[in-house]
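Subject: Structure for you to look through

Dear colleague,

I am passing on the structure we talked about, and below it you will find my notes on what came out of it. Please read them with the model open beside you.

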Amino acid sequence: MRDLLIIEGGVRLAGTVRASSAKNAVLPMMAASILTGEECVLRDVPRLRDVGVMGQILSSLGAEVRTEAVGDRSSATLTIVCRSLSSHVVPADLMGEVRSSIFLMGALLARNGRADLAYPGGCSIGHRPIDLHLQGLRDLGAKIEEHGSRIEAEARELHGSDIRLTLPSVGATENIMMAAVLATGTTLIRNAAREPEIVDLQNMLNLMGASISGAGGEAIRIEGVRRLHGVSYVPIPDRIEAGTLMVAAAITSGQVEVSNCVPDHLRTLIDKLRQAGCTIEEGDRRVFVEMDGRPRAVDCVTLPYPGFPTDLQPPLMSLAAIADGTSAFLETIYEQRFNQAEGLQRMGADISITGQRAFVHGVERLRGAAVRAHDLRAGAALVLAGLVADGVTTVSGIEHIDRGYDGLETKLASLGASVRRACA
Ligand code: EPZ
């Protein structure tokens, strides 16, 4: 049985809601935990399907993985101890569920010189190749052979290298960082991804005894060390979840404070929402969003960080769907990241798409409809549209949403939204 969300539109959200820690920080940190035989504790970890699957993968490799619910069960403490690896083969079925498991390759090569994974393949937002991952690891001395859908990698010794990424790939940057921390010599990653999650990974690895500098900038320098020790760490807040909640406030003409978020990580979204007519106050690890009336149309070009994040493009399109005017979207990161458009159109949105461009002609009202989530952020976008649509919207395929949002409906309901989970 697959769950769905049932949303009654028309409620102006109000109140305070806390964002969880970042999925896209936690997942690479879980991979990093196999770089040491000592205990790694990640605190305030969101309860997400992707985190659960990554935990299963680590267990299948021989790590001991413990999850303990904390407080009101709104988060968990994750303890991972990888005293020794019993396998270097990542199970194909689990690999297919969490694309980001590809950055286990760097950690496995660093820990024991061997890795055997299934090719993660594309997904509904695009082909998502891993050529930059493989090239970077080969530059560090790994021998990598691709046999159909399997990839076999081995490295008697990893050595430092001067690597230039042709694209600032988040995953490739993280994979290379984790392979390089125990390599012999110095590694430079030029044109590295600059996302806050990369800086967070650097900070955690350095607390484990690594010697990394430059994350967040154009080049990351990694001095190989002999070994890493355990760590206890709280990942940064999830800027994409926080941004999604901020758009929920804007689209419902609400007044919402999002706590546990870093305004600086949301600079481009804050600018867009102000252009759309929102009043936004920034505080220490919190943002207050107030909207009164219909939003103005805003244009959006997605770019690598610090540009506008592709993961917030679908939520912003839902706001644009009811805006006064036409919004032009250009999606430069993924080939197929307008999956939300079909559902929004069923709800009455006026959207025309040509390749990577979408033009959204704002309408006065959306109408509730039965819609389906095809990917994580498109699903969130449909939920946001349901909050403002006339009548009832049912969103199916919410297993996609559960991959990256910890209790989205609970957080929205705590702000007054009429939303509940039901069995289809
Ligand atoms: C990370 O994916 C995030 N996932 C994605 O979030 C996010 O959309 C993406 O970064 C961009 O910010 C995690 O961190 C777990 P990329 P990743 O490598 O690492 C191309 C979400 O909704 N590319 O920066 O896979 C690729 O095809 C998810 O939370 C290559 O060509 O992203 C894409 O067009 C979705 N070759 C672009 O680079 C490669 O070897 C960006 O990909 C690698 C990537």
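Which residue in S10 is the bridge partner of Ile 163? In this model, which is a predicted one, the partner is Ile 189. The pair belongs to the link between S9 and strand S10 (residues 186-190), two strands that run parallel and are joined by 3 bridges.

These two strands are part of an open sheet of 4 strands, whose order is S9-S10-S12-S11 and whose pairing is mixed. Strand S9 (162-164) and strand S11 (211-213) have a single partner strand each and stand at the edges, so one side of each is left without a neighbour in the sheet. From one strand to the next, the twist averages 15°. Helix H6 (residues 170-180) packs on this sheet, where it touches S9, S10, S11 and strand S12 (219-223), and its direction makes about 175° with that of S10. Helix H7 (residues 196-207) also packs on the sheet, touching S11 and S12, with a direction at about 155° to that of S11.

S6 and strand S8 (residues 150-154) run antiparallel and are joined by 5 bridges, and Ala 118 stands opposite Arg 150 in S8.

The axes of helix H1 (residues 23-32) and helix H2 (residues 49-60) come within 10 Å and cross at roughly 0°, which makes H1 roughly parallel to H2. On the H1 side the contact involves Lys 23, Val 26, Leu 27 and Met 30, which meet Asp 50, Val 51, Met 54, Gly 55 and Leu 58 in H2. Sorted by class, this contact has 6 nonpolar, 1 polar and 2 charged residues.

Turning to the whole chain, it is divided into domain 1 (3-20 + 237-423) and domain 2 (23-233), and the C-alpha centres of the two domains lie 30 Å apart. Their contact takes 25 residues from domain 1 and 20 residues from domain 2. Between them an area of about 1900 Å² is buried, of which carbon and sulfur atoms give 46%. Of the area that domain 1 buries against domain 2, Tyr 305, Arg 403 and Asp 406 supply 33%, more than any other three residues.

Pro 306 is found in the loop between strand S17 (300-301) and helix H10 (313-321).

With kind regards

Note on methods: Residues are numbered from 1 along each chain as its sequence is written. This is a predicted model: local features need pLDDT of at least 70, side-chain atom pairs count only at pLDDT 80 or more; totals for chains, interfaces and linings use all residues. Side-chain values use heavy atoms; hydrogens and water are left out. Two strands pair if DSSP finds at least two bridges between them. Axes are lines fitted to C-alpha atoms, for helices over the stretch in contact, and angles run from 0 to 180 degrees between N-to-C directions. Angles under 35 degrees count as roughly parallel, over 145 as roughly antiparallel, 65 to 115 as roughly perpendicular and the rest as oblique. Contact means heavy atoms within 4.5 Å. Ala, Val, Leu, Ile, Met, Phe, Trp, Tyr, Cys and Pro count as nonpolar, Asp, Glu, Lys and Arg as charged, and the others, Gly among them, as polar. Domain bounds come from an automatic or database domain assignment. Buried area is the accessible area (1.4 Å probe) that two parts lose on being put together, summed over both.
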